Amino acid sequence: MKICVLVKEVPDAAVEKRINASTGRMDRSGEKNLNPYDTHAIEAAMQLREGGLVQVDEIVAVTMGPESAVRALHKAVSLGADRSVHLSDETLAGSDVAATGYALAKALERESPDLVLLGQQSDDGECYTIGAVVADHLRMPSLTQVVKLDVDGDALRLERQAEYGYDTVRVRLPAVISVGDAINEPRYPSLKAIMGAKKKPLETVDAGAVGIDPALVGADGSRVQCGEFKDPPAKAAGQIIEDENTDETVEKIVAWLEERKLI
Amino acid sequence: MSDVLVYVLHYEGAFNKNSLGAVSEGVARAAEVGGACDAVVVGGTDLSDELCRTLGRYGARRVFRAEGPEGLAQPVVDVMDRVIAEHGHRYAIFGGGLLGFEIGAGLAARRQAGVTMEVTAVRADGDELVAERPILGDSKISVSHYRGGLGIIIGRINAFEVRESGSADAEVVDVAVEYSPWSRQAEMVSRGEQRGADVDIEGADVLVAGGRGLGKAEGFELAEALAAAFGGNSAVAATRAVVDAGWYPYAAQIGQTGKTVSPKLYLAAGISGAIQHKVGMQSSENIVAINKDANAPIFEFSDLGIVGDLNKILPKLTEAIRARKAG
Ligand SMILES: Cc1cc2nc3c(=O)[nH]c(=O)nc-3n(C[C@H](O)[C@H](O)[C@H](O)COP(=O)(O)OP(=O)(O)OC[C@H]3O[C@@H](n4cnc5c(N)ncnc54)[C@H](O)[C@@H]3O)c2cc1C
Ligand SMILES: Nc1ncnc2c1ncn2[C@@H]1O[C@H](COP(=O)(O)O)[C@@H](O)[C@H]1O
């Protein structure tokens, strides 16, 4: 079985994320990292391989993004992927969710994976939906927010929390699965793996190479235009107490609660 | 003509409240752009004529009903694709929740449509609908305009109010759909399993909510002791992270795929304040948060925030409140 894992480079959690006023897109300068949610997808692939119930021949990390996104691929490889594919093209800049999903699906099509794994959300875009878009283009079933994934004969048995409680679903492959962060505890890469990551095969492809229709991607090909940004209604800031002396802190909390007749 | 199509989720013979909110929203906004609002339902025999007609109460004109599997997104994509191809709806609205996200995204791929998720407001701009979505931890609102044939709007949970604006029955139209092969690759084994004890938190005046910051399942003892100290009508609630981890029962979960509450006091301990959690508790009268990370998003919407270690604060707070009650 061949597994493709979608990974994305995102601004580091410590960087304040903001919109660049002149471009209307997210400001992506500053420290970047592999989207933390994607490390759970890589870990899920590794556990399938190590679980021994299916033979995993190859784990391929796939990303779409600017040049700097190779770092996310190196990180993915250090966590266990065997090689990576970098879809990078000027024409893809400014793609909305639907266009991004389409472009990724075209890159994946070329790999013919049996399973596509991805994170539940990107730390910056937070759309939760790339998997469902990719899947329909690939004509594969899709399930998101999966927190348990087991091999069940020639299928997978998945669990996730939905509207009315936990659902268990059996899905025949090929399929696209987005995993929740409760599914596993990602491993740390070994120093050796980090050092070796740059030596693993990395293929860079442009839009034409994977057969992307330029009319369907980029800012012009996107069906959603969101150039306009507003500030939400201002909310009065709450009171903050830094706990230096816990007895005093507790006194302050109790006084605050009493003032509001909550005790 | 700009008609709106809304997917209405149901479970055990009852419609989902967020879906009814989406119908209400669809009806109101369609009227502003000179259209009407129809609904789509997919499921088994519990989707009786009688039940489907009740969607007219919220203003739905027609209900397209297809027989199919429940709780899975792609069969619904097949049905909506078919209905839109035939009837030319301009917008599709979803009330949020897991399935709303999955169906909306799948439909966007299928029909080359634009999609916006986590929408908190929809408004008419000329003869078009635009959608507003808070981004970057709700610090900005991004406004989506749609190009092309279909615009898809996935609401944030509880964003659309349920309004009974209609009086006539909705017309029920059966649609026969041949499901796509990939829709049939997934099969529901069991649905709606309730994990853990059946606790009741919805009526509580005081909720002590615990998150991953409690460290382990046993950490909830701190939350339970504090709730007990408040006495009366108080209970313990939880985040999805700890419910998924098996630390606390699902019935106590607050948020997008859990309960929506508005107690007099919501005291959050070791909770980061993710949007999906916030949507279930933001209308609480008083919000107190204890978190050791001064940058935790929860402080953005707390009335009182304490930056510190809950392991030090909770036991002393419990003791102080107990003493106050006794005194
Ligand atoms: C589609 C979807 C639906 C979702 N639905 C829900 C939902 O219904 N409900 C829900 O809650 N979540 C939901 N989530 C998950 C949500 O995004 C968050 O992942 C989750 O709420 C995080 O839970 P948490 O705050 O317990 O954990 P974390 O985000 O890990 O936060 C733990 C916090 O504890 C603090 N902490 C750690 N140790 C201490 C200490 N000793 N003292 C004080 N503070 C400490 C940390 O600083 C941190 O801020 C959903 C996600 C998605 C994608
Ligand atoms: N540009 C991208 N390249 C590769 N994978 C992506 C990209 N954008 C999103 N993803 C994947 O889709 C998941 C969900 O992202 P999102 O829908 O943006 O919240 C992420 O965890 C990634 O696995």
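In the predicted model, helix α3 of chain A (residues 97–109) is largely enclosed by the rest of the structure, because 12 of its 13 residues are buried. The buried residues of α3(A) are A:V97, A:A98, A:A99, A:T100, A:G101, A:Y102, A:A103, A:L104, A:A105, A:K106, A:A107 and A:L108; burial here means under 20% relative accessible area. The length of α3(A) agrees with expectation: at 1.5 Å a residue, its 13 residues should span 18 Å, and the end C-alpha atoms are 18 Å apart.

A helix pair links the two chains. Helix α4 of chain A (residues 130–138) packs against helix α4 of chain B (residues 97–110) at an angle of about 45 degrees, and the two axes are 8 Å apart. The crossing of α4(A) past α4(B) is right-handed. On the chain A side, the contact involves A:A132, A:V133, A:D136 and A:H137, which meet B:E102, B:A105, B:G106, B:A109 and B:R110 of α4(B). Sorted by class, this contact comprises four nonpolar, two polar and three charged residues.

Elsewhere in chain A, A:P214 is located in the loop that runs between β11 (202–205) and α6 (218–221). With a relative accessible area of 58%, A:P214 is exposed, as the value is over 50%. Although A:P214 and A:L92 are separated by 122 residues in sequence, their C-alpha atoms are 8.2 Å apart in space.

Definitions and conventions:
Residues numbered from 1 in each chain as written. Chains lettered and ligands numbered in written order. Predicted model: local features only at pLDDT ≥ 70, side-chain atom pairs only at ≥ 80, totals over all residues. Heavy atoms only, no water. Axes fitted to C-alpha atoms, helices over the stretch in contact; angles between N-to-C directions. Helix = DSSP H or I, 4+ residues; strand = E, 2+ residues; numbered from the N terminus. Left-handed = near helix turned anticlockwise from the far one by under 90°. Contact = heavy atoms within 4.5 Å. Nonpolar A, V, L, I, M, F, W, Y, C, P; charged D, E, K, R; others polar. Buried < 20%, exposed > 50% of the residue type's maximum accessible area, 1.4 Å probe, protein only. Expected span 1.5 Å × (residues − 1).
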